[in-house]
Amino acid sequence: VDPIAPVKYSYSMINDQVIKTNCLKCHSAIAGNSGDINLESYKNVFEKRNEIKFQIQNGFMPPKNGKPLKPEQKNMILAWLELGAVENPQ
């Protein structure tokens, strides 16, 4: 990330580019909330932010039989989580 023009990640950006395309296939009400985790709202994602970070960093999510995150998706969600997982950065 260019230190002169930092990227401001928002929940809507992460939701559109990572969560909707990769996570909700398992972690939504319609999919049965795999692992008792529902990622359909900012509140739910924020509450699970540390677990999400751990799972992604350690290669547990997405699972081996799932669609892998593209490197840019992985970097984006981990950066957003590292920056506090804010809903709408100022």
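What is the volume of the second largest pocket? Here are some notes on that point and its surroundings, with the reminder that this is a predicted model.

1. **The second largest pocket.** Its volume comes to about 170 Å³. The residues lining this pocket are Ile56, Gly59, Met61, Pro62, Pro63, Lys64, Gly66, Pro68, Leu69 and Lys74. Sorted by class, that lining holds 6 nonpolar, 2 polar and 2 charged residues.

2. **The largest pocket.** Here the space amounts to about 410 Å³. Two elements, α1 (11-23) and α3 (49-57), each give two or more residues to its lining. The biggest share is that of α3, with 4 residues. In all, 23 residues line the largest pocket, and those nearest its centre are Cys23, His27, Met61, Pro62 and Pro63. The class count for this lining is 13 nonpolar, 6 polar and 4 charged residues.

3. You will find Met61 in the loop between α3 and α4 (71-82). Met61 is in the lining of the second largest pocket, and it is also among the residues nearest the centre of the largest pocket. Together with Phe54 and Phe60, Met61 makes a nonpolar surface patch of about 280 Å².

4. Side chains of opposite charge can pair when their charged atoms come close. The model has 4 salt bridges by the rule used. In one of them, Glu47 meets Lys43 at 3.0 Å, N to O. Both residues belong to helix α2 (residues 42-47) and sit 4 residues apart, about one turn of the helix. Glu47 is exposed at 53% relative accessible area, and Lys43 is likewise exposed at 54%.

5. **Lys48 and Glu51.** Another salt bridge joins Lys48 to Glu51, with the closest N and O atoms 4.0 Å apart.

6. **A link between helices.** Which parts does the pair of Glu82 and Lys53 tie together? Their side chains meet in a salt bridge of 2.4 Å, N to O. Because Glu82 lies in helix α4 and Lys53 in helix α3, the pair ties together parts that are 29 residues apart in sequence. Glu82 itself is exposed, with a relative accessible area of 55%.

Terms used:
Residues are numbered from 1 along each chain as its sequence is written. This is a predicted model: local features need pLDDT of at least 70, side-chain atom pairs count only at pLDDT 80 or more; totals for chains, interfaces and linings use all residues. Side-chain values use heavy atoms; hydrogens and water are left out. On a 1 Å grid over the protein atoms alone, a cavity is a set of points where a 1.4 Å probe fits but cannot get out, and a pocket is an open set with protein on both sides within 12 Å along at least five of seven lines; lining residues have an atom within 4 Å of a point. Grid points are joined across faces, edges and corners, and a volume is the space filled by probe spheres set on the points. Ala, Val, Leu, Ile, Met, Phe, Trp, Tyr, Cys and Pro count as nonpolar, Asp, Glu, Lys and Arg as charged, and the others, Gly among them, as polar. Patches are made of residues with over 30% relative accessible area and no salt bridge: like charges are joined within 9 Å, nonpolar side chains (Val, Leu, Ile, Met, Phe, Trp, Tyr) within 5 Å. Accessible areas come from the Shrake-Rupley method with a 1.4 Å probe; for residues, only the protein chains shown count as cover. Buried means under 20% relative accessible area, exposed over 50%, partly exposed in between (1.4 Å probe, protein chains only).
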